[in-house]
Amino acid sequence: MTRQGPMTGRVFAGRYEIGERIGVGGMAEVYSATDNTLGRTVAVKVMLPQYADDPDFARRFRQEAAAAANLQSPYIVNVYDWGHDEDTYYIVMEYIRGSDLKTAIQQRGAINQRKAAEIGTQVCQALTAAHQQDIIHRDVKPQNIMVQPDGNVKVMDFGIARAKNSTADKTTVVLGTAHYASPEQAQGKDLSAASDIYSLGVVLYEATTGQLPFDGPDAVSVALMQVQDEPKPPREINPDISPELESIIMCAMQKEPGRRFATANDLRLALTDFLAGRPLGATAPLATDGFTSAQTRVMAPVGTMDAGATKTMPITPGAAAHAAPGTGDARSYKAGTDKQPMSGKKKAGIIAGVLIALLLIAGGIFAFGLNSGDKLDVPNVTGMSAEEAQKTIEQSGFKVGEVKNVYDDSAEPGTVVAQSPKGGDKAEKGSKINIDVSQGSEEIEVPDVMNMTLDEARKAITVAGFSVGETTKEYSDTVEEGKVMKQTPTGKTMAAQGSKIDLVISQGTDQVEVPDVEGLSLDAARAKIERAGLKLSQADSQHSSSVDANCIISQSPSSGTKVPEGSTVSVVVSLGKEDTSVTIPNVVGDTKDNAVSKLRNVGFIVDVDSDNSDTVAAGLVISQNRTGQAERGDRVLIVVSEGPAPTPPPPSGGGDSQGSTS
């Protein structure tokens with residue numbers, strides 16, 4: 001879960017735009033952010049304000065950044081940058097997607113032993129890179145091992161790491177988490193790389209069994225178990241664990257640092273042998289400083305040997321469990337085979353050391369001893385369970401004041417998310433410390449933003465108390481372009497306040513351009529249209545004097561038009577040039593009206609003329625200008641008889657007349 005934090009919206013170094021808070025710890029908060037220079041998502045770790053003014057905390061924060069930035073390994077969260085911006089320090093880190101190993105164990109219980117061994121080899125490579133830089137992690141635990149979607153892991157949070165050659169005072173006490181702390185770490189002793197190996201052994205124990213090797217009502221009792229008690233062999237909890245892997249885990253968890261694997265790389269080699277099915281036993285010289293090579297990694301120092309002396313003997317995992325006590329000749333990975341009873345004086349000293357160390361770390365403080373006077377350092381209980389916080393407060397000389405339950409989507413229910421006074425402040429001995437305890441995320445109704453524009457949806461989501469997550473686009477035949485077609489989670493459901501709502505915006509229909517197929521043959525047109533993702537339909541066939549037969553006369557939609565993919569394009573196919581010639585009827589001798597009717601009935605245009613005829617009666621057709629074949633629509637001239645030409649009158653008489661009388 002994510003939520004807004006006090007840094008949300010700020011821009012560090014003019015480059016890192018802070019987004020939502022994704023985690024909080026004792027000294028710092030972690031935010032997602034956008035690197036505006038490189039355009040990538042990063043994680044930014046920001047020191048809490050109450051520590052920014054403390055020179056010791058600031059120095060340690062800077063040391064962490066500088067140390068982590070020098071670590072180069074595919075199994076370590078990369079540190080890109082760090083700096084100081086106004087009132088706080090920050091570290092820019094790689095943004096990791098996935099979940100931590102602790103969550104996986106809590107959800108699934110014991111995980112497959114081969115997968116656990118694979119994770120162990122990758123963590124070993126991360127630790128090897130750190131140890132080669134003289135940096136000890138000091139807080140190896142499954143919460144700090146991120147399992148990515150591809151199955152690979154990255155080790156994170158060198159928040160309490162310290163270089164072996166650090167100039168910090170020897171009295172400074174820095175502890176990790178009691179359930180994973182080595183015996184020497186629980187006693188506040190100087191640490192070596194062997195402490196990280198022990199912690200990784202505990203992680204492997206928990207991963208393969210689903211249980212912690214030591215658990216108790218409080219951190220003090222757990223730390224005492226780390227120092228005094230032997231863990232139950234893993235195979236008694238989970239019989240499916242192989243004896244070889246059990247031996248590796250128990251060797252890593254030896255109480256004495258010198259009896260563990262000499263280096264993280266040696267532990268990696270042993271795990272690799274297990275995964276490859278190679279035997280772990282070997283004949284090799286015993287070394288006085290632990291497992292020193294791949295050849296001797298299954299051996300361990302026993303007793304005191306003369307300088308330069310070596311002893312060679314075969315070792316089989318588990319063999320030492322049956323060896324005669326006190327022989328000192330051999331041991332397997334099993335712990336405690338030559339353990340001597342602890343004297344009462346030594347036991348009391350260990351208990352005192354553990355109590356002092358845990359009292360110092362319980363408040364998240366780095367000090368040289370108890371403060372003088374009535375005022376004490378307030379312990380930092382943020383991130384602890386309410387029960388653990390109460391015990392820590394009381395053990396530190398204070399009382400628990402008001403306990404307020406608050407909604408907080410960045411912390412598990414029952415976890416302390418705030419306190420007053422703050423950790424590191426000074427307060428009167430016996431005074432009250434108020435704490436706010438998370439009751440998880442407050443769930444509210446998700447707004448329904450379907451069919452809204454993106455701007456409208458953003459406003460509705462923000463007003464409802466959520467934020468817009470990933471926005472993508474898809475085609476839709478039903479939702480208008482530019483509007484929300486899908487949302488996750490869906491509207492009217494319940495979700496944590498401040499959580500993200502992912503949106504899918506409609507791009508409208510998936511449209512394609514109609515190709516030009518006019519003039520193409522029917523087969524060629526069909527192939528071209530189908531290549532464009534469309535379908536061809538023959539709407540009609542017509543004669544054409546300009547388009548060859550079986551070719552496309554016209555199309556609909558026209559070429560260049562945008563249509564949804566899969567649409568149909570209708571075409572008109574040519575039947576070729578039409579044969580329109582007909583025989584001209586012979587109308588000579590017909591009456592005018594019959595002749596005109598016959599010719600027009602077969603498609604001709606009739607022109608009529610007239611003439612005299614001595615042989616053809618008036619009103620009948622004397623002649624026509626065309627016979628045989630002609631195209632419909634052509635003109636045909638007929639000549640109609642007007643009968644014989646009229647007789648001219650006789651010529652008139654002249655001069656004298658014979659009929660006259662005298």
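User: Are Phe12 and Tyr90 buried or exposed?

Analyst: Buried means under 20% relative accessible area, exposed over 50%, and partly exposed in between, with a 1.4 Å probe and protein chains only. Phe12 and Tyr90 are both buried. This is a predicted model, in which local features need pLDDT of at least 70 and side-chain atom pairs count only at pLDDT 80 or more, while totals for chains, interfaces and linings use all residues. Residues are numbered from 1 along each chain as its sequence is written, and side-chain values use heavy atoms, with hydrogens and water left out.

User: How many aromatic pairs are there, and why is the pair of Phe12 and Tyr90 called stacked?

Analyst: A pair of aromatic rings is described by the distance of the centres and the angle of the planes. Rings of Phe, Tyr and Trp (its six-membered ring) pair if their centres lie within 6.5 Å; planes under 30 degrees apart count as stacked, over 60 as edge-to-face and the rest as tilted. By this rule there are two aromatic pairs. The ring centres of Phe12 and Tyr90 are 4.8 Å apart and the planes stand at 20°, so this pair is stacked. It joins distant parts of the chain, with Phe12 in strand 1 (residues 11-12) and Tyr90 in strand 6 (residues 88-94), 78 residues apart. Strands (E, at least two residues) and helices (H or I, at least four) are DSSP runs, numbered from the N terminus. Ring pairs link Phe12, Tyr16 and Tyr90 into a cluster.

User: In what order do the six strands of the open sheet lie?

Analyst: Two strands pair if DSSP finds at least two bridges between them. Here the order is 1-2-3-4-6-5, with antiparallel pairing. Strand 1 and strand 5 (79-85) are the edge strands, each pairing on one side only. Strand 5 pairs with strand 6 over six bridges in the antiparallel sense, and Val79 stands opposite Met93 in strand 6.

User: Which residue caps the N-terminal end of helix 7, and how many of the helix's residues are buried?

Analyst: A polar contact is a pair of N or O atoms within 3.5 Å; within protein, one must be able to donate a hydrogen and the other to accept it, and residues adjacent in sequence count only if both atoms are side-chain atoms. The cap is Asp218, with a side-chain oxygen 3.2 Å from the backbone nitrogen of Val220. Helix 7 (residues 219-228) is mostly covered, with eight of its ten residues buried; among them are Val220, Leu224 and Gln228.
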